[in-house]
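Me: Got a model open here and would like to go through the fold with you. Can we start with the order of the elements?

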Amino acid sequence: MANWIAKVKSGGTKGKSSAAAVAKQRQPRPLYQSFVFWLALLAGAGLAGPATRGYRFWQEANANLPDVSDALTFERTGTITIKSDDGDVLQKIGPATQEYLEYDDIPDTLIEAFIAAEDRRFYEHAGIDYKGIARAIYSNLRNRELVEGASTITQQVAKNMLLTNDQTVIRKLKEAIVARRMESAFSKEHIIELYLNEIYLGGRSYGVGSAALNYFNKSLPELDLSEAAVLASLPKFPGRVNPYTNPER
């Protein structure tokens, strides 16, 4: 009986020792000894700098932004406006649209031509076309040169009327923010109206009304489809497809 009790005690002690050993083996290593820990730490350190710089860029871009309502009273530098005593505009001299056209006065064919040429997803995005950006990046990388841009019509309005032409990251961020604000403040019809009245189309022509008169000696409703297509191609290549300098093209 005594021997049996001794064996039981001996077996119990061995069981406890084995359990303790297993528990010791199962204890996780200190975090600082983990390869994943150091990998995550290095990755975090590498991302911290760009993240901080990105936040600073965002703060700088978001500061001192123009009021989007200023686009409604926009006038190009060098424009002289002659008004009557009661405030009616009689004439504009200089780089300006000679006659401001309301959305309903612009033919649908011309509107569709510009949207097809400049911003096919105009009615789908909210100022920034992320799919267009991805497509442009892919196209430029494939061709190893800048062959396609991704600025929307709204971004062009923001740049031309409220910002500068500086080729900087800050200006592009400002352009994106202002474009989003314009989409919230104005209807799509109002944005395309602003765009078509102020876009430079070469030959000292600002706006589609002036361009139609200068190039074809016609009013907008008199333009045929091919003439509307010529005007829609001018924002990208105002010199290359100018009807005066390159009539065959």
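Reply: Starting at the N terminus, the protein chain runs α-α-β-β-α-α-α-α-α-α-α. That is nine helices and two strands. Keep in mind that this is a predicted model.

Me: How much of the chain counts as buried?

Reply: Of its 249 residues, 32% are buried. The accessible surface is about 16400 Å², and carbon and sulfur atoms account for 55% of that.

Me: And of the contacts between residues at least 6 apart in sequence, what share joins residues at least 24 apart?

Reply: 57% of them.

Me: OK, the core. How many residues are in the largest nonpolar one, and which have the most contacts inside it?

Reply: The largest nonpolar core has 41 residues, and Leu 110, Phe 114, Met 182 and Leu 231 have the most contacts within it. At least two core residues come from each of α3 (108–118), α5 (153–162), α6 (169–185), α7 (188–198), α8 (208–216) and α9 (225–233). In soluble globular proteins, nonpolar side chains tend to be buried together.

Me: What does Leu 110 touch, leaving aside neighbours within four places in sequence?

Reply: Leu 110 is in contact with Val 208, Leu 220, Leu 223, Ala 228 and Leu 231.

Me: How do α3 and α9 pack?

Reply: Their axes are 9 Å apart, at an angle of about 40 degrees. An angle between 35 and 65 degrees counts as oblique, so α3 and α9 are oblique to each other. The crossing is right-handed.

Me: Which residues meet there?

Reply: From α3, Thr 109, Leu 110, Ala 113, Phe 114, Ala 117 and Glu 118; from α9, Leu 225, Ala 228, Leu 231 and Ala 232.

Me: Now α5 and α6. What is the angle there?

Reply: About 110 degrees, with the axes 8 Å apart. That makes α5 roughly perpendicular to α6. On the α5 side the contact is made by Thr 154, Gln 155, Val 157, Ala 158, Lys 159 and Leu 162. On the α6 side it involves Arg 171, Lys 172, Glu 175, Val 178, Ala 179, Met 182 and Glu 183. This crossing of α5 and α6 is right-handed.

Me: Different topic. Where is Asn 217 found?

Reply: Asn 217 is in the loop between α8 and α9. Its phi is positive, about 55 degrees, although Asn 217 is not a glycine. Most residues other than glycine have a negative phi.

Me: Is Asn 217 buried or exposed?

Reply: Exposed, because its relative accessibility is 66% and the cut-off for exposed is over 50%.

How values were computed:
Residues are numbered from 1 along each chain as its sequence is written. This is a predicted model: local features need pLDDT of at least 70, side-chain atom pairs count only at pLDDT 80 or more; totals for chains, interfaces and linings use all residues. Side-chain values use heavy atoms; hydrogens and water are left out. Helices (H or I, at least four residues) and strands (E, at least two) are DSSP runs, numbered from the N terminus. Buried means under 20% relative accessible area, exposed over 50%, partly exposed in between (1.4 Å probe, protein chains only). Contact means heavy atoms within 4.5 Å. Accessible areas come from the Shrake-Rupley method with a 1.4 Å probe; for residues, only the protein chains shown count as cover. A nonpolar core is a set of buried Ala, Val, Leu, Ile, Met, Phe, Trp, Tyr and Cys residues joined through side-chain atoms within 4.5 Å. Axes are lines fitted to C-alpha atoms, for helices over the stretch in contact, and angles run from 0 to 180 degrees between N-to-C directions. Angles under 35 degrees count as roughly parallel, over 145 as roughly antiparallel, 65 to 115 as roughly perpendicular and the rest as oblique. A crossing is left-handed if the near helix is turned anticlockwise from the far one by less than a right angle, and right-handed if clockwise.
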